[in-house]
Amino acid sequence: MQSMPSLHEYGLIAIIIISLSFLLSRRLRHDIIGIATMIVLIIAGYLTPQEALQNFSSITVIMLISLMIIAGTLADSGILEVMGNYITSKIKYEKVLLLLLLSLTVIASGFVSDVALILAFIPLIYSVSLRLKRPISRYLLPLAYAAILGGPTTLIGTSTNVILTNAWYNKFGYNLNLFEFAKINLIASFISIIILVFVITPFLGRKIKEVSSLKEITVQSYIIEAQITGDSNFIGKTPKDVEKSLNAKVIRIISPWRFIGTVRKLKEGDILLLKITPAQLPLILSSRGLKISEKEKEEKEMFFELLVTSSSKLKGRKVKELDLDTYNSYVIGIASANFITRINDYILRPGDILLIQGEEPNVAKLAKYYDLLPINSQGLKAFDKRKALFSISGLSIAIILSFFNFNLGLSFLIGALISTFSGFSTLRKMYEYVEWPLIVFIGSYLSLGEVIINSGISSMVGGLIHSSLLILFLLAILLSNTVGYVTAAIILAPIALSFPNPLLGVTVLAMGASSPFLTPFAHQANLIAYGTAGYKNRDFLLAGILIILIKFLVTFYLLGLLKL
């Protein structure tokens with residue numbers, strides 16, 4: 001028979017309820033609530049200051065910081081955009097295209113931040129919606145769900161898994177397999193993708209959202225010049241071959257050779273006048289033997305979109321007349337309703353948009369002097385092979401070291417260090433890759449998890465729910481969709497580990513805590529889709545219930561807990 005909680009345990013339960021209530025109210029930042037909860041636990045005597053502060057240097061926190069740096073570098077390299085653009089250039093059918101893009105998202109999410117994934121793919125999704133003439137709301141919710149679904153595939157794919165694996169290590173002294181939940185999660189994810197594409201997508205975006213903000217206006221296409229160099233794969237190919245490979249329109253060929261027919265083989269020195277979308281830029285840049293600028297792109301440089309206003313000093317002037325060398329910037333392309341034969345000979349008019357290559361401070365000075373209006377403050381991302389190489393190498397080495405039972409925190413710290421070798425821009429942005437409020441929250445809230453274990457409440461709650469995996473799953477769903485998936489993992493991990501079969505408990509918890517699908521505010525990826533595409537709360541509720549049901553059926557069936 002379960003004994004009654006002591007006064008000490010009642011006090012801890014009260015602290016947990018009050019802390020969760022503040023998280024649920026969303027009136028204070030979660031990191032502030034985490035720090036406040038930790039301080040209250042110290043004052044009430046549940047743990048010492050030393051015990052509380054050492055969580056900030058725990059394996060969990062070190063791993064998360066390292067993973068954020070590796071994932072940030074990988075996302076910043078542009079490799080995701082190149083892969084996505086390659087798929088969209090080869091596939092013309094909506095459902096097949098969506099299946100492949102969502103599958104790529106699920107797989108990548110096991111190693112890259114889900115938020116970074118959806119931000120990387122939004123321009124690509126815009127391009128797909130424009131090409132297929134479908135509203136973007138058909139695609140963003142499935143994209144957000146796919147980014148969340150793929151996280152639990154590896155122990156490093158989501159914050160909840162990092163918390164769970166380190167809770168397991170602290171109790172049993174050894175690590176779980178990196179792909180402990182991969183089979184269950186991948187099966188559930190790919191079934192969910194099929195449901196998203198064939199059942200949920202047709203009900204999304206029946207009405208095209210009206211443009212209500214200048215930020216929603218995007219450039220549909222640019223005219224750029226790309227010169228074929230000696231090492232180009234396109235030498236000896238026809239313009240049609242180029243169009244097929246790049247999924248871009250070849251408007252004309254500028255060549256010293258007089259005959260320029262559609263069947264003539266391309267030669268070194270030919271200049272292609274291409275019509276591309278902004279989303280296709282990384283693919284063009286990564287194509288071997290295509291030169292789109294007068295000089296090689298430097299690491300600090302990006303691509304910016306600047307609008308020629310009616311008061312601009314560029315109005316009525318040719319591109320080649322501009323003093324761009326002063327600003328170390330270059331015009332790469334032009335978006336205009338007017339006919340363009342050569343970039344340098346084009347006479348600029350109000351309403352034209354310039355695609356500029358340069359460092360942000362230099363481009364800002366250029367925009368101010370010529371009275372140009374920036375329409376993309378983030379800059380367009382180019383494919384950085386060096387960043388991609390070092391970030392993938394860092395991730396691979398970290399995974400290999402962890403397989404040989406090397407300390408997980410140190411393994412991924414080494415991986416993060418290797419990823420920073422990609423250049424000075426990575427070193428400068430290293431701290432920007434880290435979500436510090438989340439790190440502070442996890443570091444402080446881990447104290448609550450420790451107190452729950454030490455107080456015996458976890459065993460007590462496990463007894464109250466009769467070690468029911470179904471109730472544990474439902475609790476994880478409830479907490480992850482209200483107070484957050486990280487909170488769900490921290491609070492419920494001690495309870496899952498107290499079950500007679502702790503591996504079953506942790507697996508069920510991992511699947512449940514990583515299911516914040518029911519509201520747009522349950523996960524950052526949902527919130528991005530919600531704000532961008534104008535969904536309603538019921539869209540997330542109805543689609544989320546269906547996806548959670550799939551995860552439940554797959555998880556419990558594969559664990560032998562459900563017979564169909």
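Thr277 is buried, its relative accessible area being 18% (buried means under 20%, exposed over 50% and partly exposed in between, with a 1.4 Å probe and protein chains only). This is a predicted model, where local features need pLDDT of at least 70 and side-chain atom pairs count only at pLDDT 80 or more, while totals for chains, interfaces and linings use all residues. Numbering runs from 1 along each chain as its sequence is written, and side-chain values use heavy atoms, with hydrogens and water left out.

Thr277 sits in the loop between strand S3 (271-276) and helix H12 (281-286); helices (H or I, at least four residues) and strands (E, at least two) are DSSP runs numbered from the N terminus. In space, Thr277 lies 4.2 Å from Ser221, C-alpha to C-alpha, though 56 residues separate the pair in sequence.

Zooming out, the protein chain holds 23 helices and eight strands. Of its 564 residues, 55% are buried. Take the contacts (heavy atoms within 4.5 Å) between residues at least 6 apart in sequence: 79% join residues at least 24 apart.

Now for a helix pair. Helix H4 (residues 59-76) packs on helix H17 (residues 436-455) at about 165 degrees, and the axes are 10 Å apart; axes are lines fitted to C-alpha atoms over the stretch in contact, and angles run from 0 to 180 degrees between N-to-C directions. On the H4 side, the contact is made by Thr60, Val61, Leu64, Ile65 and Met68, and H17 brings Trp436, Leu438, Ile439, Ile442, Gly443 and Leu446.
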